[in-house]
Amino acid sequence: MLPTLAVTVHTIPLTRPLYPFLPTLSRLAVVYSPAIRNSVKYGLIVSSDIVISTPGKSPHWSSWLLFAALFYVVVGLSPFSRSGILDTSGGDTSNQLAWGVMAAVSLAIAANNWADTERLLRRSWPLLLALGWITTTILWAPYQDLSIRRTGALILVAIVGMGLALTCKSPGAFFRTMVVLSGAIMTLNIFGLIALPGLSYIDGAAVGMHPHKNTAGQVSLVAYIVWFVAAATARHTRWRIVFSGGTLLWFGFLVLTQSKTSLGIAVLTPFVMAGTYVVARAQGLVRSFLIAAIIAGFTFVWWVFLGLGVTVERFALLIFGDLTFTGRTDLWEYLWGEVARRPLIGIGYGSFWNTGLRFSPIDLAQGWAATAAQAHNGYLDLILKTGYIGLTLVMLCVVRSLYLAVGLASNPEATSEDKAAYILAVALFIAIALMNFMESSYFRAFHYLSVQFLFLYFFVERWSERLQQEPEAIDDGS
């Protein structure tokens, strides 16, 4: 292959209508140059190959793919019913078919963009390691048939996330899709409260079209975060008003769900996000000072609470109404005994919950824990199923994703819409990490927050890779 000639023609702008005709122009490539963004958006480079690319741009149908995938995760095939897609464990044939079709489309996309796929997979090695270890636990799982099906379901979700990240290259397109998606879902939920009250409430708690109040709480939490970020980053006053109104409306629905964990995280996330963002932007001694100040502030608040007599027990009584966090401590006490059987490698993914047998020999028949489908602490759940090795690999994914997202959000050259997507990624990663203390939210196949994490992980890897490639592409063509 002949070397690319370093000749850039800045005086000949190319517009979108010319794209279909570019393949007929021999040895030409369309490139995007941020350095001349304000003068000529597209220029020509003489090259030895016919290459047509628009870095940062996504095909129009990519947003529809993302919308359809996430809408299906939330709504499923049976909205306003007592069974939903979020609570399935991989055994529903229609659900498997739907995810199989989406995974097939994603594999076709990956095959058609193999160079990009290879780079994305190389960058995503922490996630591949975690999935590889989860697959390995099948070897010693007591219910191998269940473990195989549920591991396969998790891998299908990861494949779909990879395909979406390959097509939706623009952070701005991702952000717009999330705003529209969350707005549409919450509008349907509120419509349900008004028009279908008999199907939208369970024991006085609003659930909308979802099967459980906790599910409704998590969906409305994500919508609240998305629109909160949209309101904070909107450039025009009228849009700030619209997004602020939506944020308040979604928060009101969240309150009606009576999902205490989601409500608490909705209050905490903006503060944690702001602190993370400020620390990330600081440098050197300033960053060290801010970290020390945050630690000192939390310590001071803790001592004030202790001085006022607000202990952990009283806090639990205030939030959950009892000292067991709604029965969680009894469940956790039993599960630690199960962890002790295989602390390093775990019992096996997909072979503990919903096996058809009661998991506990102790008398929990009168409580919800007797029929629990998760540990209600995702970190404990990971240790239980995949051991400390699995927890370590998953936490590597979590830390890396948050690190990359904070780095993207700290980029001063990002456009306002791209920065909104980066800030949203930071906020969602923080919210999911907090939620995981009370609800298992990582690597649970079709669970909404798990899907959000896996999808977003690939998106952040893709955005980071493109940000690193862009300056190199400019240097090579200058």
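This is a predicted model: local features need pLDDT of at least 70, side-chain atom pairs count only at pLDDT 80 or more; totals for chains, interfaces and linings use all residues.

Student: Why are H14 and H15 called roughly antiparallel?

Tutor: Helix H14 (residues 378–409) and helix H15 (residues 416–435) pack at an angle of about 155°, with their axes 10 Å apart. Angles over 145 degrees count as roughly antiparallel, and therefore H14 and H15 are described as roughly antiparallel to each other. Their crossing is left-handed.

Student: Which residues of H14 and H15 meet?

Tutor: On the H14 side they include Leu402, Ala405 and Val406, and on the H15 side they include Tyr422, Val426 and Phe429. The residues of this contact between H14 and H15 divide into 13 nonpolar, 1 polar and 1 charged.

Student: What makes the pair of Phe459 and Trp463 tilted?

Tutor: The ring centres of Phe459 and Trp463 are 5.8 Å apart, and their planes stand at 55°. Centres within 6.5 Å make a pair, while planes under 30 degrees apart would be stacked and those over 60 edge-to-face, so the pair of Phe459 and Trp463 is tilted. Both residues lie in helix H16 (residues 448–476), 4 residues apart, which is about one turn of the helix.

Student: How do you know whether Arg123 is buried or exposed?

Tutor: Arg123 has a relative accessible area of 15%, and buried means under 20%, so Arg123 counts as buried. Arg123 lies in helix H3 (residues 114–123), and among the residues Arg123 touches are Arg400, Tyr457 and Glu461.

Technical notes
Residues are numbered from 1 along each chain as its sequence is written. Side-chain values use heavy atoms; hydrogens and water are left out. Axes are lines fitted to C-alpha atoms, for helices over the stretch in contact, and angles run from 0 to 180 degrees between N-to-C directions. Helices (H or I, at least four residues) and strands (E, at least two) are DSSP runs, numbered from the N terminus. Angles under 35 degrees count as roughly parallel, over 145 as roughly antiparallel, 65 to 115 as roughly perpendicular and the rest as oblique. A crossing is left-handed if the near helix is turned anticlockwise from the far one by less than a right angle, and right-handed if clockwise. Contact means heavy atoms within 4.5 Å. Ala, Val, Leu, Ile, Met, Phe, Trp, Tyr, Cys and Pro count as nonpolar, Asp, Glu, Lys and Arg as charged, and the others, Gly among them, as polar. Buried means under 20% relative accessible area, exposed over 50%, partly exposed in between (1.4 Å probe, protein chains only). Rings of Phe, Tyr and Trp (its six-membered ring) pair if their centres lie within 6.5 Å; planes under 30 degrees apart count as stacked, over 60 as edge-to-face and the rest as tilted. Lists of a residue's contacts leave out its neighbours within four places in sequence.
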